[in-house]
Amino acid sequence: MRKRKFDKLEGMTQPDKRKRRRSKKVNGSVEEPTGAVASKAAALDRPRELVETGADAPPKTLATELRAAADQLSAGTAVAARSVDTLAGADKPSGDTEPITLGDDIHSRCTSTSLARRDIAEGVTNVGSLEFFPESASRDDVTGTSKGGALSAGQTSLVTDISTPSSFAATERWRTVDRTQLVPYPSPSLSGLLQPEDALRIMSSVLLHCASQHHRIGKFGGQSVNSTGTTSIAEVRAITKQVAGLEYEAAVRSVAKRNALQVGNDLQSNSDENIYWEIILKGAKLLDPATLPVAKGPWDGFSMAEKTATYDFMNSGGFGTCLENQRQCRGLWKTLFDIRRVGVEMITCYRTAEFNKYCKTYPKRSDISLIDTIVSWEKAYRPHIAQLESRVFEQRNGDFSGRSWLRKTSVAERLDITESSWNDASNDWYSSDEETTFKLTTAFRASSSRSLSSLFNDRALREPCRNKSIYITLEPKGDRFLSVCPIIPVVESDFLGIFSGTIRFSEDINGNHSIPGPTRNLSLDYSQVTGMLNQMQVSKPDGDANVCLEWEPVNEMDEKGPCVSWRVLVFATKAIMPFEPLIRAAPRKQQFLLHQASEYAKRGFTKRQLIPQLKA
């Protein structure tokens, strides 16, 4: 029998043995398929082509996916994202420290990249995926304009208003990159980390949940409050009426306190679940073996006494008692019990649905045990969880300076900086004279009226969150340097914090210790004041960078009024993996060279303070 032309298709396990009718010509030759048969044959031929093509294609990696998406976005907007300080120093000789005048061309390039920052508060991504703008999106959809309308010819607004991006229509289909394929950046703090790909995904959800919970606790963090709860509906209504009768300040405090206590109760319940199996084992010992049902089916690692005690516990505790729920809860609670016995406490306190699912579905025959995996995660992330707890508490109490970093051992060993020279919170004017001169000689309009607390806390509880400043940390880099990096994945346009320094409006500026501003003589001087983001790695003026610095004109009293102050904000220009160093491009070569010197790094990249020697 003649073989059919489709019997050797790749991907088919067996050729179809069924006979097919063939119409024969008079001479006995086989007639070629036509019409519907020919269409079906063409459709069957396509899978073979796809299989052959895919076999030789290189596997897609995290870098390939993210860089391709970023390149497509840049091509779609027709304007490449460039740092303000890189643009300012790109065309100047390396030895020239004269401030640069930013013309209309530079202005257009800066504003086009900063317009996407309006999504800082609202966001377009979530914890489970990395999303990018669709190719079909119009330029206005991607860039937008400030709420005050189009920019005038002499106006520069490098960060637009953060209003709801209505132009981002829900009908667009966003491209996503599966975050399960992401790989953490190699870092000394992650040495010994088992299952690093899973750690990135699971621990990111844990860290986000930790920060969210402590934001809700707010000023009541670290307190032990005696509070009586009730399950009486009548009493619940009475308490509500009582709160409604309070004065404004007292009512707000009562609501905030109750919300904080609710978070505390949730954390306590999460922590209590770690000892459920210990309670079940106590119950199993009390059962009479003669009264237990006969075991059926293969051995699953649990005795009939443990299964019966689990059912009794769940039934008394108000849990669902279907067979599948009993099976999953037994496995999870025993795992949490085993994890707790080896000293894991920080991670399990902020367990998420992703963490629970990971524990329930972990392969039992894996070469690496689940307990060893979680222990390695606890060792690597424990200090970051503790640091995150304290930082959220500081910010919720109004301290955005970041001076607590100087009390961290690994930072104190590498920096010789006084607390008065460290300020992550704002960019103050160097002098009132320069501030007055700037207001009299320029006509900049504000693009933001946000207060400092609003800048750092606004939308912090909403998902997706584009404010990643709280997740930036300082890590040791050798014996003399520090590395600034995130502890969760960062995507393009995420807000990372404020670049420290004082605002200068003067011709007498040392360009090696400053960032050029959007107009002549305006610059950010960090020769006397430094901060966390100032410690980031610096590349050459034309080198690779993953962040940019953008100037935001501010007027907290009138968003559309004249510019009163400035903030120099740091945004991500591409996807950044956990513990991957932040890198900015230097505006001139001399600044790049200074940032390579260990002695300069010891002073936080400020200028040396000349102290006269005292005579004996």
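Predicted model: local features only at pLDDT ≥ 70, side-chain atom pairs only at ≥ 80, totals over all residues.

**Exercise 1.** Find the order of the strands in the open sheet of three strands, and say which strands stand at its edges.

*Solution.* First, read the order, which is 6-8-7, with antiparallel pairing. Strand 6 (502-505) and strand 7 (514-516) each have a single partner strand, so they stand at the edges and one side of each is left without a neighbour in the sheet. Neighbouring strands here are turned by 30° against each other on average, direction ignored. Now zoom in on one pair: strand 7 and strand 8 (residues 522-525) are joined by three bridges. Within this pair, Ile515 faces Leu524 of strand 8. Last, look for a helix on the sheet: helix 17 (residues 432-441) lies across strand 6 and strand 8, at about 55° to strand 6.

**Exercise 2.** Describe how helix 12 and helix 14 cross, and which residues meet there.

*Solution.* Two packed helices are described by the angle and the distance between their axes. For helix 12 (residues 323-341) and helix 14 (residues 353-361), the axes come within 9 Å and cross at roughly 100°. Angles of 65 to 115 degrees count as roughly perpendicular, so helix 12 is roughly perpendicular to helix 14. On the helix 12 side, Gln328, Leu332, Thr335 and Leu336 take part, meeting Phe355, Asn356, Cys359 and Lys360 of helix 14. Sorted by class, this contact holds four nonpolar, three polar and one charged residues.

**Exercise 3.** Locate Gln195 and Phe579, then decide for each whether the residue is buried or partly exposed.

*Solution.* Begin with Gln195, in the loop between strand 2 (175-178) and helix 7 (196-217). Its phi is near 50°, a positive value in a residue other than glycine. With a relative accessible area of 21%, Gln195 is partly exposed, because buried means under 20%. Phe579 sits in the loop between strand 11 (565-572) and strand 12 (583-585), and the phi of Phe579 is near 70°, again positive. At a relative accessible area of 2%, Phe579 is buried.

Definitions and conventions:
Residues numbered from 1 in each chain as written. Heavy atoms only, no water. Pairing = 2+ DSSP bridges. Helix = DSSP H or I, 4+ residues; strand = E, 2+ residues; numbered from the N terminus. Axes fitted to C-alpha atoms, helices over the stretch in contact; angles between N-to-C directions. Contact = heavy atoms within 4.5 Å. Parallel < 35°, antiparallel > 145°, perpendicular 65-115°, else oblique. Nonpolar A, V, L, I, M, F, W, Y, C, P; charged D, E, K, R; others polar. Buried < 20%, exposed > 50% of the residue type's maximum accessible area, 1.4 Å probe, protein only.
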